[in-house]
Amino acid sequence: QVHLVESGGGLVQPGGSLRLSCAASGNIDSILVTGWFREAPGKQREMVATISKTGGRTNYGDSVKGRFTVSRDSDKNAVYLQMSSLKPEDTAVYYCNVLAGTNLETASVYWGQGTQVTVSS
């Protein structure tokens with residue numbers, strides 16, 4: 001079992017920045033990949049960014065490339081999403097997600113409770 005808690009959401013003006021945090025607890029050694037997803041009203045949940053266990057491999061959704069950066073601090077069991085040049089269309093509930101297990105094929109999926117990000121003037 002892995003427990004995830006997101007924080008850092010809030011209201012920001014267009015062009016501003018926010019940093020989201022995802023703190024993991026439980027069987028953290030089993031975490032293979034950590035991801036950030038978002039869900040806006042009336043839209044499907046979409047992948048924002050993912051980062052591998054060691055942090056050596058990252059992946060971004062097309063809509064956030066060049067503006068968002070995902071990173072991890074293994075000592076703190078945390079993954080961060082630095083968001084810059086925010087746009088109103090970035091408004092959504094942001095969720096932290098991990099795949100945990102011995103391999104990706106049989107991994108279990110865990111989700112945090114989400115944190116609201118609102119980009120508005």
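**Core, disulfide, pocket and loops**

Reader: How many residues are in the largest nonpolar core, and which have the most contacts inside it?
Author: The largest nonpolar core holds 29 residues, and Trp-36, Leu-81, Met-83 and Tyr-94 have the most contacts inside it. A nonpolar core here is a set of buried Ala, Val, Leu, Ile, Met, Phe, Trp, Tyr and Cys residues joined through side-chain atoms within 4.5 Å. Buried means under 20% relative accessible area, exposed means over 50%, and partly exposed is in between, using a 1.4 Å probe and protein chains only.

Reader: Which elements give two or more residues to this core?
Author: Strand E1 (2-7), E3, E4, strand E5 (46-52), E7, E8, strand E9 (92-100) and strand E11 (115-119) do. E9 gives the largest share, 5 residues. Strands (E, at least two residues) and helices (H or I, at least four) are DSSP runs, numbered from the N terminus. As a general point, nonpolar side chains tend to be buried together in soluble globular proteins.

Reader: Before I go on, what kind of model is this?
Author: This is a predicted model, where local features need pLDDT of at least 70, side-chain atom pairs count only at pLDDT 80 or more, and totals for chains, interfaces and linings use all residues. Residues are numbered from 1 along each chain as its sequence is written, and side-chain values use heavy atoms, with hydrogens and water left out.

Reader: Back to Met-83. What does Met-83 touch?
Author: Not counting residues up to four places away in sequence, Met-83 touches Gly-16, Ser-17, Leu-18, Leu-20, Arg-67, Phe-68, Tyr-94 and Val-117. Contact means heavy atoms within 4.5 Å.

Reader: Ser-17 is on that list. Where is Ser-17 found?
Author: Ser-17 is in the loop between strand E2 (10-12) and E3. Ser-17 has a relative accessible area of 42%, so it counts as partly exposed. With residues up to four places away left out, its contacts are Val-12, Gln-82, Met-83, Ser-84, Ser-85 and Leu-86.

Reader: What about Ser-85, then: where is its place?
Author: Ser-85 sits in the loop between E8 and E9. It is partly exposed, with a relative accessible area of 40%. Its phi is near 50°, a positive value in a residue other than glycine. In general, most residues other than glycine have a negative phi.

Reader: New topic. How many disulfides does a search of the whole structure find?
Author: The search finds 1 disulfide, a term for a pair of cysteine sulfur atoms within 2.5 Å. Cys-22 and Cys-96 form it, with their sulfur atoms 2.0 Å apart. Cys-22 is in strand E3 and Cys-96 in strand E9, so the pair ties together parts that are 74 residues apart in sequence.

Reader: Are those two cysteines buried or exposed? And why is the disulfide left-handed?
Author: Both Cys-22 and Cys-96 are buried. The disulfide is left-handed because the torsion about the S-S bond is about -75°.

Reader: What else is in contact with Cys-96?
Author: Thr-34 is. Thr-34 lies in strand E4 and counts as buried at 3% relative accessibility. Leaving aside neighbours within four places in sequence, the contacts of Thr-34 are Ala-49, Thr-50, Ile-51, Arg-72, Val-79, Cys-96, Asn-97 and Val-98.

Reader: How much space lies in the largest pocket?
Author: About 220 Å³. Of the 15 residues that line this pocket, Ile-28, Ile-31, Arg-72, Ser-74 and Asn-77 are the closest to its centre. On a 1 Å grid over the protein atoms alone, a cavity is a set of points where a 1.4 Å probe fits but cannot get out, while a pocket is an open set with protein on both sides within 12 Å along at least five of seven lines; lining residues have an atom within 4 Å of a point. Points are joined across faces, edges and corners, and the volume is the space filled by probe spheres set on them.

Reader: Which strands each supply at least two residues of the lining?
Author: Strand E3 (18-26), strand E4 (31-39), strand E7 (68-73) and strand E8 (78-83). The lining divides into 8 nonpolar, 3 polar and 4 charged residues. Ala, Val, Leu, Ile, Met, Phe, Trp, Tyr, Cys and Pro count as nonpolar, Asp, Glu, Lys and Arg as charged, and the others, Gly among them, as polar.

Reader: Where does Asn-77 lie?
Author: Asn-77 lies in the loop between E7 and E8. It has a positive phi of about 55° although it is not a glycine, and it is partly exposed at a relative accessible area of 31%.
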